[in-house]
Amino acid sequence: GEPSHPCLQQLPVAGMVAWHAPLSLLRWSCVGAVVHAGTLAVAGDRGFAGVFDRQVCTREASSASEWAGFCAWLEDSCHFPVMGRFFQGSFERNGTSVRGVGSVHSMSKGDLLGCIPRSCLMYKSDKRRSAAAKGAAQHPSCGEQNGASLALYVAEEARRGGESSFAPWLRALPGLEDYRKYHPAFVGRRLGLSLEAEDRWALWQGPGNFTESLRSCYDTYQKLVPASAKAPTFEETLLAFVQVLSRQFTPGTLIPFLDSLNTGPLAEVNVENSVVRDDQGRTSQVCLEASDDIAAGAELLTDYEYSDRAPLAFFEVFGFTLGAAHHPPASENMCQGLSASEFAQPAADAGPVLRNYWHFAREHCG
């Protein structure tokens with residue numbers, strides 16, 4: 001959900017935006033995006049009334065948008081057949097506009113969508129990283145933080161702009177202004193809760209949490225960067241870190257196109273992926289196939305493996321949840337200090353991220 005890269009376009013509504021991705025402790029990965037008018041981006045049971053604003057991958061449109069440029073890169077550099085087969089569009093879900101990826105033609109269960117080769121993946125042990133990024137990855141300050149090493153690599157490539165071989169993909173990822181509309185990493189203030197609840201909910205800002213851990217890794221990296229190099233700033237690295245945590249498949253691997261798919265209830269998931277390994281056990285390509293019949297015009301949905309993840313664990317990475325019905329019940333401990341009587345509704349000018357926190361609390365803590 002997610003977007004998230006080529007997946008999201010902000011619609012003209014006053015609401016939340018959320019990017020998505022395939023998830024599990026071993027497979028954080030974000031895909032797609034949700035625009036939810038005035039509430040937390042909660043993607044529950046589907047109820048499509050139609051698809052609009054479709055943009056099919058075509059050669060003629062390769063320079064017209066970030067999505068089209070991304071399609072051309074997938075076709076030409078990754079040999080992933082997207083032209084005329086897939087589209088980016090806005091899917092209506094229970095009154096919510098969701099930016100996702102759909103199939104132009106119908107597909108049968110077992111049909112192969114395509115495969116992404118190793119050369120198009122970004123992974124934390126990639127030999128194409130800078131010496132500074134490689135060195136930092138060996139330090140405990142980076143190696144112990146899931147996603148930090150890969151974030152340095154992503155930030156470096158983004159700083160290279162058009163010189164990066166991943167440029168069309170990176171341009172299609174969600175940017176800072178997107179994440180500032182909903183993601184916990186950019187709440188920018190205390191929540192106004194009790195001290196105990198504040199510490200529990202300071203997912204990115206508190207001692208020992210994501211931002212502090214990334215800062216330690218970044219400081220190590222900065223000491224290894226040559227004075228003449230144009231190293232990414234910490235803010236650029238933080239953005240890359242959020243992108244990585246919400247979009248990676250298996251710890252430390254980003255996979256283009258696969259990270260652009262939304263999720264939904266398990267009964268409606270219609271796409272699955274598999275890894276092909278070489279004789280040394282390394283990933284040589286990642287393939288995507290239909291796990292169910294897919295109608296022409298239908299959205300491609302993959303399993304984020306969220307069913308056994310606590311809502312807070314999902315929210316802290318993605319900035320949204322799939323609704324109380326699709327997560328384990330929130331524990332009493334998690335909700336302590338977050339009830340309606342303890343967590344007052346933020347003022348209209350409190351900022352979208354704080355309001356997103358409040359909607360999360362109402363959905364999962366009553």
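I began with Arg 247, which counts as buried at 1% relative accessibility, in what is a predicted model. I then looked up its partner and found that Arg 247 forms a salt bridge with Asp 259, with the closest N and O atoms 2.8 Å apart. Asp 259 lies in the loop between strand 8 (253–254) and strand 9 (271–277), and Arg 247 in the loop between helix 9 (234–245) and strand 8, so the pair ties together parts that are twelve residues apart in sequence. Asp 259 counts as buried too, at 0% relative accessibility.

Next I looked up how many salt bridges there are, and the count comes to seven. Among them is the one between Asp 76 and Arg 59, whose closest N and O atoms are 2.9 Å apart. I noted that Asp 76 lies in helix 1 (residues 66–77) and Arg 59 in the loop between strand 3 (48–56) and helix 1, so this pair ties together parts that are 17 residues apart in sequence. Asp 76 is partly exposed, with a relative accessible area of 45%, and Arg 59 is partly exposed at 40%.

I also noted the salt bridge of Arg 282 with Asp 278, at 3.0 Å between the closest N and O atoms; Arg 282 is partly exposed at 38% relative accessibility, and Asp 278 is partly exposed at 23%.

Last, I turned to helix 4 (residues 148–160), whose 13 residues reach 19 Å from first C-alpha to last, close to the 18 Å expected. Ten of its 13 residues are buried, including Leu 150, Tyr 153 and Glu 157. After helix 4 comes Gly 161, with a positive phi near 60°.

Conventions: Residues are numbered from 1 along each chain as its sequence is written. This is a predicted model: local features need pLDDT of at least 70, side-chain atom pairs count only at pLDDT 80 or more; totals for chains, interfaces and linings use all residues. Side-chain values use heavy atoms; hydrogens and water are left out. Helices (H or I, at least four residues) and strands (E, at least two) are DSSP runs, numbered from the N terminus. The expected span of a helix is 1.5 Å times one less than its number of residues. Buried means under 20% relative accessible area, exposed over 50%, partly exposed in between (1.4 Å probe, protein chains only). A salt bridge is a side-chain nitrogen of Lys or Arg within 4 Å of a carboxyl oxygen of Asp or Glu.
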